[in-house]
Amino acid sequence: MATTKLVLITFAICRLILTVGLTVDPTELLRLVVDGQLSVDPSDVDTASKDFGLMSRAAPLAVLHPASAQDVAGLVRAAYSSPHGFTVSARGHGHSINGQAQTNNGVVIQMSGGSLRSGRPAQAARVSEKGMYVDTWGGELWIDVLRSTLEYGLAPKSWTDYLYLTVGGTLSNAGISGQAFNYGPQISNVHELDVVTGKGQLLTCSEEQNSELFQAVLGGLGQFGIITRARIALEPSPKRVYLSLSYQVRWIRVLYSNFSAFTKDQEFLISLHGQPSSQKFDYVEGFVIVDEGLINNWRSSFFSASNPVKITSIDSEGGVLYCLEITKNYDESTADTIDKEIEDLLEKLDFVPTSVFTTDLPYVDFLDRVHKAELKLRAKGLWDVPHPWLNLFVPKSRISDFNEGVFKGILGNKTSGPILIYPMNKDKWDQSSSVVTPDEDIFYLVALLRTALDTGDETHTLEHLTNQNRQILRFCVDAGIEVKQYLPHYTTQEEWMDHFGDKWARFYKRKMEFDPRRILATGQRIFSPSSVSSSLGVGGDKLSIS
């Protein structure tokens with residue numbers, strides 16, 4: 001086994017030398033990666049060459065399965081110290097949409113899945129009941145973090161809707177869902193990080209220690225370093241959640257035919273974030289219904305096939321309905337009061353009176369709800385297909401204009417996936433991080449989570465959906481709606497500078513400090529690596545900043 005591994009790693013290094021002119025001592029690199037595995041197995045390379053979006057492919061030379069943070073640091077240090085260099089990208093669970101975690105002629109570090117030898121993550125999760133935090137490997141999936149913390153009666157405060165994402169991946173973007181109005185995004189709930197910078201330095205950082213790096217990495221799109229450990233804030237959650245699943249969630253959906261009433265109620269609900277738990281919901285999201293079939297197909301927990309909801313049965317504005325999605329957590333101690341608390345809150349809302357749909361389910365099942373939908377889609381062969389998703393932050397002052405121009409205009413009456421919409425409080429976001437949001441106290445996430453399908457329907461094709469995304473972005477520009485992309489994707493330097501706005505100078509300064517050779521996360525297409533010809537397909541010189 002050891003001989004086979006040595007031959008494989010040697011072959012990988014030789015390939016690097018021949019392809020990009022790596023001039024470090026191969027025996028030194030062998031020593032640096034010996035704890036993990038540097039793989040050139042075709043299946044490994046193929047997996048690393050694509051992502052969830054399935055709209056781009058890359059050509060990495062090799063894939064590193066690290067056994068420790070030192071493995072990650074050693075590889076990046078070798079890339080940084082090489083006269084010619086090679087690029088390095090960290091890949092989590094592969095849920096990027098536009099190749100952000102890919103690299104050409106470089107090495108992909110497969111952070112999730114554990115080392116090939118042990119199958120375990122490079123660092124086991126460690127929960128501190130006294131400190132109310134968990135230390136977790138950057139490649140750990142959030143579902144596994146949840147399982148680890150629930151054993152101690154604790155859970156993270158802020159989530160994403162889908163838990164099969166890595167800690168490092170979501171913290172490199174923001175990490176948002178319906179709890180963000182209350183606790184902020186996931187990046188607002190981090191105490192400390194271990195980060196491998198673009199120089200190969202393994203540094204611990206927080207607001208008190210190496211604060212510039214800490215702030216840069218959170219929401220930094222992988223540009224400043226690779227997160228190998230994160231210390232995540234926790235809150236109490238009854239131990240019986242994990243053991244008996246008796247901690248429950250009341251999951252409620254109500255419909256609106258009037259967009260102004262819908263957004264007014266959403267904004268009212270997120271304004272209650274400072275109130276006692278009995279006087280607010282725990283989760284606030286919503287979605288837009290432009291396709292009559294979608295509400296029944298995607299929301300089967302609520303709407304019976306024998307008694308489907310018909311858009312035409314409700315007096316909607318231009319054939320569009322809006323669904324408010326809210327939850328309230330409860331257990332045995334609050335089971336007697338939950339109905340009254342919900343009734344008092346619902347009385348203050350202006351939804352269609354006959355449109356209240358509720359279901360109760362275990363807390364863990366609610367958090368993991370999207371994975372159950374994933375399994376159904378996989379069974380139908382509808383998961384591994386292109387996903388031309390578009391996620392936008394829209395300022396509150398222009399959300400009505402967006403509704404008129406996009407939901408009622410560009411989209412028509414067909415869509416091939418859910419369209420989420422919910423507001424967030426800007427004061428829950430740390431403005432010292434790298435994330436950019438609209439410059440208003442409240443802004444909305446609009447997430448068009450559509451799937452390209454080969455059904456014979458032209459409106460479901462990848463070409464149609466990507467063209468429609470361009471139309472939406474062009475409409476925003478023409479209408480003067482200053483949206484910001486979440487999980488951004490741009491192909492020109494000018495677009496990136498416009499995206500970051502007055503944060504660009506700081507973003508660039510941090511890049512030159514922590515990744516001066518620009519070897520990290522080149523799939524984001526923000527910077528071109530120095531001394532390496534770009535094959536990203538957008539013109540390396542155009543993106544270079546000297």
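**Sheet.** I began with the rule for pairing, under which two strands pair if DSSP finds at least two bridges between them, strands being DSSP runs of E with at least two residues and helices runs of H or I with at least four, both numbered from the N terminus. I note that this is a predicted model, in which local features need pLDDT of at least 70 and side-chain atom pairs count only at pLDDT 80 or more, while totals for chains, interfaces and linings use all residues. Residues are numbered from 1 along each chain as its sequence is written, and side-chain values use heavy atoms, with hydrogens and water left out.

I then looked up an open sheet of four strands, which run in the order S1-S2-S4-S3 with mixed pairing. Strand S1 (37-39) and strand S3 (87-91) stand at its edges with a single partner strand each, so one side of each has no neighbour in the sheet. I followed S3 to strand S4 (residues 106-110), with which S3 pairs in the parallel sense over five bridges, and I found Arg 91 opposite Gln 110 in S4.

**Cores.** I next took up the nonpolar cores, meaning sets of buried Ala, Val, Leu, Ile, Met, Phe, Trp, Tyr and Cys residues joined through side-chain atoms within 4.5 Å, where buried is under 20% relative accessible area, exposed over 50% and partly exposed in between (1.4 Å probe, protein chains only). The largest core has 76 residues, and Leu 146, Leu 171 and Leu 193 are among those with the most contacts inside it; helix H5 (residues 142-150) gives the most to this core, with five residues. A second, separate core of 44 residues includes Ala 261, Ile 270, Val 406 and Tyr 444.

**Salt bridges.** I counted a salt bridge where a side-chain nitrogen of Lys or Arg lies within 4 Å of a carboxyl oxygen of Asp or Glu, and by this rule there are 22. Asp 135 forms one with Arg 126, with the closest N and O atoms 2.9 Å apart; Asp 135 is buried at 3% relative accessible area, whereas Arg 126 is partly exposed at 46%.

I also followed the salt bridge between Asp 339 and Arg 250 (3.0 Å, N to O). Asp 339 lies in helix H12 (residues 338-346) and Arg 250 in strand S11 (residues 248-256), so the pair ties together parts 89 residues apart in sequence. Here Asp 339 is partly exposed, at 46% relative accessibility, while Arg 250 is buried, at 15% relative accessible area.
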